[in-house]
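Me: I am new to this structure and would like to go through it step by step. Could you show it to me before we start?

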Amino acid sequence: MTSDSAPLSTPAPASSAPPASPASPPSPGSSPAPPRRPARRRLSALLPDPAPWRSSRDFRLMWCAGVVTVFGSSLSFVALPLQLKMLTGSTLAVGALGAVELVPMIVFGLYGGALADSFDRRRLVLWTEAALGLVAVLLLLNCLLPHPMVWPLYAAAAATSALTGLQRPALDAIVPRIVPHDQLAAAAALNALRWQIGTIAGPALAGGLLAFAGLRWAYAVDAATFAVSLLLARKLAPQPASHDAEKPSLRGIAEGARYAWSRKELLGTYAIDVLAMLFAFPLAIFPFLADDLDAPWALGLMYAALPAGSFLVSLTSGWTSRIHRQGRAIVLAAAGWGLAVAAAGLLPHIWLVLLLLTVAGACDMISGIFRSAMWNQTIPDELRGRLAGIELLSYSAGPQLGQVRIGGMAALTSVRASVAWGGLLCFAGVGLLALGLPKLMAYDARTDEHARRMRERRVRRCRDPWRERAPWRGRGPRRRRGPPRQRCGELTTPHIPHGSPGFLFTARGTSAGPGRAARRRDAPRRKPRRHHRK
């Protein structure tokens, strides 16, 4: 405790300053003023919480690899439609990229979630990252041809969407394993900041590369970034499936869907995200809105306003770790998104529209942070991959459908009416969902039974790291010696199951695991497989 918070009745030493004059005694019954927080402490309370960085080596590796990957993918995100425009000159051909990407994202997103629950998630990330790098190399080779072809561009877009659908559930499912339970909200904010850094810096560099160096350099840099991220991802610890994991199947996907349906608060997060993007996603109409406001010069600023608001929230996300009623925060943020978009469609001044779009981007990021924290804190590890596939659908299909909605409504009414009515419909729909799903509004991370069960499960794993092991599927005894390295909330190597041959090489009675006698006592009563060696 600092000196300014000492009791007022403490007598001052003889060498101290003379007591205050009796002319200004404290008023009777008044309480002492609370100590003023230093400015540095108030600023650190707003900055992103770096606790996941300090506590988890694997999270640091994933974060850095993610920044590099998003940065490189943003280059191809700009270069691919530009090359298609140069080859065809057709707006319809460029717009068809969205339809080509949507179907693989839906199909492979669901299947990728089932794979993430059945196989080693680190290995799945490595293989898909290598495949994405190969797609970037194929785009580069097509660009180097004397006459580049059009069909490889559509094939690359579909393959990238499919591989992203396979990889994203595994990445999302790794985070709850490597980050302590009480730091999951901070991890979600840091991951959002990683995304914003990549999506802002990537297109900015892409503009310069495309203007001065050409398409080939954009594809070459993208391929190089995949090589760097692959080297970083190789350093991740193995993330094996749970001991009772089943093979990926339609039945497993249906099991994940049934679990999501039984959790009405989770269902509310998915429904709110889809509804907000369906009714109030205005990106497709921005060129027409800029013309309607007599400000075609502000088109780039309109596209940058939403990411700018999200980036500001990511930079000041330290307060999100102290919010426990995350369902209520999701509802309020989605309602704020709808109101900001509606006001942007009603107001005739471009600077007010830009301000409101920035506010909308901030609300969208707040909702995303709390949705991610809520998912990671309550979903069991054996279902995390399949639920991540459903989450991928909720935040990827919504914007695609929203562009169709706003474009069709603008053709029937007007541009500004389509934006304004979409925001109002979003606000009304969020209100109806909040009334129809009271469990979402009542969710509290401190008292929710699912969150409490996950906390207790991780505490048990921390206290007894020899339980809940993944089965040893190899042949013969393990080569490595010693117990798995593990900290509370961070599993860094795969578990060794009870009764497996790996127990022959483990230490006795260390702090990381029980002694040999205890392990034999707790082992299942079945005859272990013996391996004879000459």
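**A loop residue, then the helices**

Reply: Asp-294 is exposed, with a relative accessible area of 67%, where exposed means over 50%, buried under 20% and partly exposed in between, with a 1.4 Å probe and protein chains only. This is a predicted model, in which local features need pLDDT of at least 70 and side-chain atom pairs count only at pLDDT 80 or more, while totals for chains, interfaces and linings use all residues. Residues are numbered from 1 along each chain as its sequence is written, and side-chain values use heavy atoms, with hydrogens and water left out.

Me: Where is Asp-294 found?

Reply: Asp-294 lies in the loop between α11 (286–292) and α12 (299–315); helices here are DSSP runs of H or I with at least four residues, strands are runs of E with at least two, and both are numbered from the N terminus. Phi of Asp-294 is near 55 degrees, a positive value in a residue other than glycine.

Me: And how many helices and strands are there in the protein chain?

Reply: The protein chain has 19 helices and two strands, and 48% of its 534 residues count as buried.

Me: Switching topic, at what angle do α13 and α16 pack?

Reply: Helix α13 (residues 326–346) packs with helix α16 (residues 415–436) at an angle of about 160 degrees, and their axes are 7 Å apart. The axes are lines fitted to C-alpha atoms, for helices over the stretch in contact, and angles run from 0 to 180 degrees between N-to-C directions. That makes α13 roughly antiparallel to α16, a label for angles over 145 degrees.

Me: Which residues of α13 meet α16?

Reply: Among them are Val-331, Trp-337, Leu-339 and Ala-342 in α13, and the residues they meet in α16 include Arg-416, Val-419, Gly-423 and Phe-427, where contact means heavy atoms within 4.5 Å.

Me: Is Ala-342 buried or exposed?

Reply: Ala-342 counts as buried, at 3% relative accessibility. Leaving aside residues up to four places away in sequence, Ala-342 touches Val-419, Ala-420, Gly-423 and Leu-424. The C-alpha atoms of Ala-342 and Cys-426 are separated by 9.0 Å, although the two residues are 84 residues apart along the chain.

Technical notes:
Parallel < 35°, antiparallel > 145°, perpendicular 65-115°, else oblique.
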